[in-house]
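Here is a brief report on one protein model.

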Amino acid sequence: MEKLELALDRIIEATLLKIPSILLAIFLLVAGTWLIRLILRIIRKRFERRNVDLSLRDFVSSIVKFTLYTMLIITVASMVGIQTTSFIAVLGAASLSIGLALQGSLSNFAGGVLILLFRPFRVGDYVSSVTGASGTVEKIDILYTTMRTAEGIAVFAPNGPLANSVITNYSSITKRRIEYQIGISYESNIKQAREVALQLLTSDERILDSPKPEVLVADLAASSVNLVIRAWAPKEKYWEVYHDNFERIKLAFDANDIAIPFPQQEMRIISLPGNEK
């Protein structure tokens, strides 16, 4: 009984001695949390004033937030008597084990850093990659890039494969080339078809004057003379101009009796001597 009372006395005495440290640790935790939020708010405002890229804002904010909270937790732990040296050693060993288990995630993290450093694309750009990911970039996180396809579907592309693949950025240009391949019959007049197509394209105010529209013979196919029709339009009007003029060219060819032939195949029946009846 005396031993139990002695043990309780020691526990109570140690707890009383720890109360100031615990109270100070709680105060530091609350004050540190408030200070970290203030720092993050200041960083965001600085980014907004300097018009820093949205993707870089989120990435830097995530790194700063993780670092500051880690430092705060280690400081609070040391104040309440937790041996931070052993804690850091255990954390380092755990980090190594987790790193080996999550090599793919580390690759995605490195890919995110490369994307933000070299900026092959930014938030708001429409991109596609050979990995199959395509769409308008909405957000670049530490591990994944979020895209939105033309159908409104969200695509989450890992940063690692994305950074190591060929990326086509359709938003980094100011104009795009429109190209049609249309076949006309051998009986139709090539010069007339060229004049009709060029007149139609030059009359469209959305088509750029430089480079000029052009109509060339691309192939002498089995049943048609294939023309390639090219013109340039501002990137924001590309699809509108593309579909409108596709229809207009067909109607203009019909109005000028320029035939677009169906695929044809010629068959010959040869009668051998002695088989005639």
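A residue counts as buried when its relative accessible area is under 20%. The model discussed here is predicted.

Ser128 has a relative accessibility of 16%, so it counts as buried. Its place is in strand 1, residues 126-129. Beyond its neighbours within four places in sequence, Ser128 touches Ala133, Ser134, Val166, Ile167, Thr168 and Tyr170.

Thr149 is buried because its relative accessible area, 16%, falls under the 20% cut-off. This residue belongs to a loop, the one between strand 3 (144-148) and strand 4 (154-158). With neighbours within four places in sequence set aside, Thr149 contacts Ser134, Gly135 and Val155. Ser134 lies 15 residues away along the chain, yet the C-alpha atoms of Thr149 and Ser134 are separated by 6.5 Å.

| Residue | Location | Relative accessible area |
|---|---|---|
| Ser128 | strand 1 (126-129) | 16% |
| Thr149 | loop between strand 3 (144-148) and strand 4 (154-158) | 16% |

Which strands form the open sheet, and in what order? There are three, in the order 6-8-7, with antiparallel pairing. Strand 6 (175-184) and strand 7 (214-220) are the edges, each pairing on one side only. Neighbouring strands are turned against each other by 25° on average, direction ignored. Strand 7 and strand 8 (residues 225-234) are joined in the antiparallel sense by six bridges. Val217 has Leu227 of strand 8 as its bridge partner.

**Helices on the sheet**

Helix 6 packs on this sheet and touches strand 6, strand 7 and strand 8. The direction of helix 6 makes about 15° with that of strand 8. Helix 7 lies across strand 6 and strand 8. Its run is at about 25° to strand 6.

**The helix pair**

How do helix 6 and helix 7 pack? Helix 6 spans residues 190-202 and helix 7 spans residues 238-255. The angle between them is about 140°, and their axes are 10 Å apart. Angles over 145 degrees would count as roughly antiparallel. The two helices are therefore oblique to each other. Their crossing is right-handed.

On the helix 6 side, the contact is made by Ala193, Val196, Ala197, Leu200 and Leu201. They meet Asn245, Arg248, Ile249, Ala252 and Phe253 of helix 7. Eight residues of this contact are nonpolar, one is polar and one is charged.

How values were computed:
Residues numbered from 1 in each chain as written. Predicted model: local features only at pLDDT ≥ 70, side-chain atom pairs only at ≥ 80, totals over all residues. Heavy atoms only, no water. Axes fitted to C-alpha atoms, helices over the stretch in contact; angles between N-to-C directions. Helix = DSSP H or I, 4+ residues; strand = E, 2+ residues; numbered from the N terminus. Parallel < 35°, antiparallel > 145°, perpendicular 65-115°, else oblique. Left-handed = near helix turned anticlockwise from the far one by under 90°. Contact = heavy atoms within 4.5 Å. Nonpolar A, V, L, I, M, F, W, Y, C, P; charged D, E, K, R; others polar. Buried < 20%, exposed > 50% of the residue type's maximum accessible area, 1.4 Å probe, protein only. Pairing = 2+ DSSP bridges.
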